[in-house]
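User: Please walk me through the charged and aromatic side-chain contacts here. Keep it brisk.

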Amino acid sequence: MQSKTCLLLMCAVFMVKGVVSLHKKKLNIAVIVPDDESRMFSIKHIKPALSYTLEYIKNISLLPDIHISTLFADSGCSPKDAPIAAFNFHMKHKVDIFLGPVCDYSLAPVARYSPYWNIPVISPGGFAHNFGANKSEPDSEYPALTRVGVTFNSLSVTILEIVRHFKWNRIKIIYDGNSMEDIAPRFCFLGAAAFVAYSKRYKMDHEFYMYVPSVHNTEEVLREKVGNKYSGKCLRFL
Ligand SMILES: *[C@@H]1O[C@H](CO)[C@@H](O)[C@H](O)[C@H]1NC(C)=O
Ligand SMILES: *[C@@H]1O[C@H](CO)[C@@H](O)[C@H](O)[C@H]1NC(C)=O
């Protein structure tokens with residue numbers, strides 16, 4: 001009698017196990033990155049890395065009870081296309097996580113809405129310093145965003161620590177706001193903005209000047225904006 005009960009119980013356990021593996025939990029990753037192949041984080045560039053990773057996760061049985069699928073949409077590296085893609089994903093599929101957008105202005109609206117849908121956003125982009133604001137504050141703008149790449153926050157801190165180390169006391173930031181647009185729109189502008197914000201935080205005396213290549217003459221800028229005041233033996237740093 002006892003052995004019969006035991007057998008029944010074992011059967012039940014096997015059945016439950018069978019049911020579980022038949023109904024694997026689904027995890028939908030919505031990837032929102034540019035279709036434009038000239039971007040280093042385009043769909044074509046990201047897809048192989050993602051499928052390699054998913055294959056690896058399967059190989060080592062890291063998440064045996066979870067079936068992971070990936071969905072892709074074009075962010076257009078645009079502040080309009082990316083949130084529309086996110087809305088569509090949210091309406092049509094049960095999205096568990098957004099991977100991307102990468103471009104700052106595409107990421108911002110997606111990361112602003114995602115807390116309302118309770119969907120986390122993981123991005124290797126979002127270089128601007130304000131994405132790094134304290135997420136525990138009640139009025140935090142991007143509480144569901146995690147950045148996993150290098151940022152302008154760490155760049156600014158590194159440079160300012162070097163400035164402090166060498167006891168330099170005059171900083172002039174000369175930047176071309178439209179430069180390096182091939183990486184992401186307003187890339188250099190956001191870099192300079194982060195540096196200005198951190199210079200304030202570090203209480204470092206700083207001035208900034210926007211250099212527009214089509215209007216300004218480099219020699220003049222060096223003479224007038226750098227001149228004797230900002231030049232020196234140690235200044236050939238950047
Ligand atoms: C997964 O395992 C297969 C078979 O052993 C192997 O060919 C493949 O290279 C592995 N993939 C990864 C990403 O580790
Ligand atoms: C972030 O905000 C929370 C809540 O206001 C506060 O307790 C915490 O100390 C802050 N963290 C940092 C690093 O400022």
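**Charged and aromatic contacts**

Analyst: Asp96 is partly exposed, at 21% relative accessibility. Partly exposed is the range between buried (under 20% relative accessible area) and exposed (over 50%), using a 1.4 Å probe and protein chains only. This is a predicted model: local features need pLDDT of at least 70, side-chain atom pairs count only at pLDDT 80 or more, and totals for chains, interfaces and linings use all residues. Side-chain values use heavy atoms, without hydrogens and water.

User: With which residue does Asp96 form a salt bridge?

Analyst: A salt bridge needs a side-chain nitrogen of Lys or Arg within 4 Å of a carboxyl oxygen of Asp or Glu. For Asp96, the closest N and O atoms of the pair are 2.5 Å apart.

User: How many salt bridges does the count come to?

Analyst: Among them is Glu37 with Lys44, with the closest N and O atoms 3.6 Å apart. Glu37 is partly exposed at 48%, and Lys44 is exposed at 56%. The count comes to five.

User: How many residues apart in sequence are the parts that Arg112 and Glu141 tie together?

Analyst: Arg112 and Glu141 form a salt bridge, their closest N and O atoms being 2.7 Å apart. Arg112 lies in helix 4 (residues 104–117) and Glu141 in the loop between strand 4 (121–123) and strand 5 (145–147), so the pair ties together parts separated in sequence by 29 residues. Helices (H or I, at least four residues) and strands (E, at least two) are DSSP runs, numbered from the N terminus.

User: Is the ring pair of Phe87 and Tyr113 stacked or tilted?

Analyst: Rings of Phe, Tyr and Trp (its six-membered ring) pair if their centres lie within 6.5 Å; planes under 30 degrees apart are stacked, over 60 edge-to-face, and the rest tilted. The structure holds nine such pairs. In Phe87 and Tyr113 the centres are 5.2 Å apart and the planes at 55°, so the pair is tilted.

User: Which residues join Phe87 and Tyr113 in one aromatic cluster?

Analyst: Phe87 lies in helix 3 (residues 81–92) and Tyr113 in helix 4, so their pair ties together parts 26 residues apart in sequence. Phe87 is partly exposed at 35%, and Tyr113 is partly exposed at 38%. The cluster also holds Phe98 and Trp117.

User: Is Phe187 buried or exposed?

Analyst: Phe127 and Phe187 have ring centres 5.2 Å apart and planes at 80°, so the pair is edge-to-face. Phe127 is buried at 11%. At 12% relative accessibility, Phe187 is buried.

Key. Residues are numbered from 1 along each chain as its sequence is written. Chains are lettered from A and ligands numbered from 1 in the order in which they are written.
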